[in-house]
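This briefing goes through one protein structure by topic. Please consult the sequence and the structure shown below while reading.

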Amino acid sequence: LARPDQKGSLSPRARWFLAAALVMLAGLALLAWNWGTLRAKAQVGVGHGARVTCSCRYVEGRPMASCMQDKEPGMWAVRLSDDPAARAVDAHVPLLASARARYRPGWGCLFDPTG
C-alpha cells in the first residue's frame with residue numbers, strides 16, 4: 001500500500017468514490033443473484049393483490065381507497081389500479097411482474113390472461 005506522502009496515492013475523495021462503486025457493484029451482484037426469487041415473489045404478490053382487490057371492489061362493492069387498506073404486510077411494492085370500465089384491477093411491481101383480475105358475473109374475479 002502506498003503511503004499518503006507518496007505520489008500516486010488516492011485522495012480521500014477518490015477513495016470515497018471507489019468505496020461507493022464497490023458497494024454499488026456488490027449490490028448489483030446481489031440483485032442479479034436473487035433475481036429469480038424476487039420475480040417469483042413479485043408474481044405471487046401481484047396475483048394475490050389483483051384478485052383480492054378485484055373481489056373487494058366488484059364483489060363486496062367497496063371503494064378502492066378502502067380496498068387498498070387490505071394489502072397484506074410485505075406487499076408495499078405492489079401497485080394497484082382500478083379500471084371501472086372493464087370492472088378489473090391491475091397490479092404490478094415495476095420491472096418484475098404484473099397481473100389483472102376481472103369481475104365476471106356469476107364467477108367472481110378471475111385472472112385475465114390478456115391482462
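Leaving aside neighbours within four places in sequence, with which residues is Asp-112 in contact? Asp-112 touches Arg-100, Ala-101, Arg-102 and Arg-104, where contact means heavy atoms within 4.5 Å. The model is predicted, with local features needing pLDDT of at least 70 and side-chain atom pairs counting only at pLDDT 80 or more, while totals for chains, interfaces and linings use all residues. Residues are numbered from 1 along each chain as its sequence is written, and side-chain values use heavy atoms, with hydrogens and water left out.

**Asp-112**

- Asp-112 is found in the segment after strand 4 (108–111); helices (H or I, at least four residues) and strands (E, at least two) are DSSP runs, numbered from the N terminus.
- With a relative accessible area of 9%, Asp-112 is buried; buried means under 20% relative accessible area, exposed over 50%, and partly exposed in between (1.4 Å probe, protein chains only).

**Nonpolar core**

- In soluble globular proteins, nonpolar side chains tend to be buried together.
- A nonpolar core is here a set of buried Ala, Val, Leu, Ile, Met, Phe, Trp, Tyr and Cys residues joined through side-chain atoms within 4.5 Å.
- The largest nonpolar core has 18 residues, and those touching the most other members are Val-46, Cys-54, Val-78, Leu-80, Val-89, Ala-91 and Val-93.
- At least two residues of this core come from each of helix 2 (35–58), strand 2 (88–93) and strand 3 (97–104).
- Helix 2 gives the most to this core, namely 5 residues.
- Apart from neighbours within four places in sequence, Ala-91 is in contact with Val-46, Ala-50, Val-78, Arg-79, Leu-80, Ala-97, Ser-98 and Ala-99.

**Residues of helix 2**

- Trp-35 lies in helix 2 and is partly exposed, with a relative accessible area of 34%.
- Glu-60 and Cys-109 are in contact with Ser-55 when neighbours within four places in sequence are left aside.
- Ser-55 and Cys-67 are 12 residues apart in sequence, yet 9.2 Å apart in space, C-alpha to C-alpha.
- Arg-57, found in helix 2, counts as buried at 18% relative accessibility.
- Not counting residues up to four places away in sequence, Arg-57 touches Arg-62, Pro-63, Met-64, Cys-67, Asp-82 and Val-89.

**Rings and charge**

- The charged end of Arg-57 sits over the ring of Tyr-58, 5.0 Å from its centre; the rule asks that NZ of Lys or CZ of Arg be within 6 Å of the ring centre and within 35 degrees of the ring normal.

**Cavity and pocket**

- Rolling a probe the size of a water molecule over the atoms shows where empty space is left.
- On a 1 Å grid over the protein atoms alone, a cavity is a set of points where a 1.4 Å probe fits but cannot get out, whereas a pocket is an open set with protein on both sides within 12 Å along at least five of seven lines; lining residues have an atom within 4 Å of a point.
- Grid points are joined across faces, edges and corners, and a volume is the space filled by probe spheres set on the points.
- The structure holds 1 cavity of 30 Å³ or more, and the largest cavity has a volume of about 60 Å³.
- Residues lining the largest cavity include His-48, Cys-56, Cys-67, Asp-70, Glu-72 and Leu-80, and helix 2 provides the largest share of this lining, 5 residues.
- The largest pocket has a volume of about 280 Å³, with Thr-37, Lys-41, Trp-76, Val-78, Val-93 and Leu-96 among its lining residues.
- The largest share of the pocket lining, 5 residues, again comes from helix 2.

**Backbone in the loops**

- Most residues other than glycine have a negative phi, and most peptide bonds are trans.
- Arg-87, although not a glycine, has a positive phi of about 50°; Arg-87 is placed in the loop between strand 1 (79–83) and strand 2 and counts as partly exposed at 37% relative accessibility.
- Leu-95, in the loop between strand 2 and strand 3, has a positive phi near 70° and counts as exposed at 78% relative accessibility.
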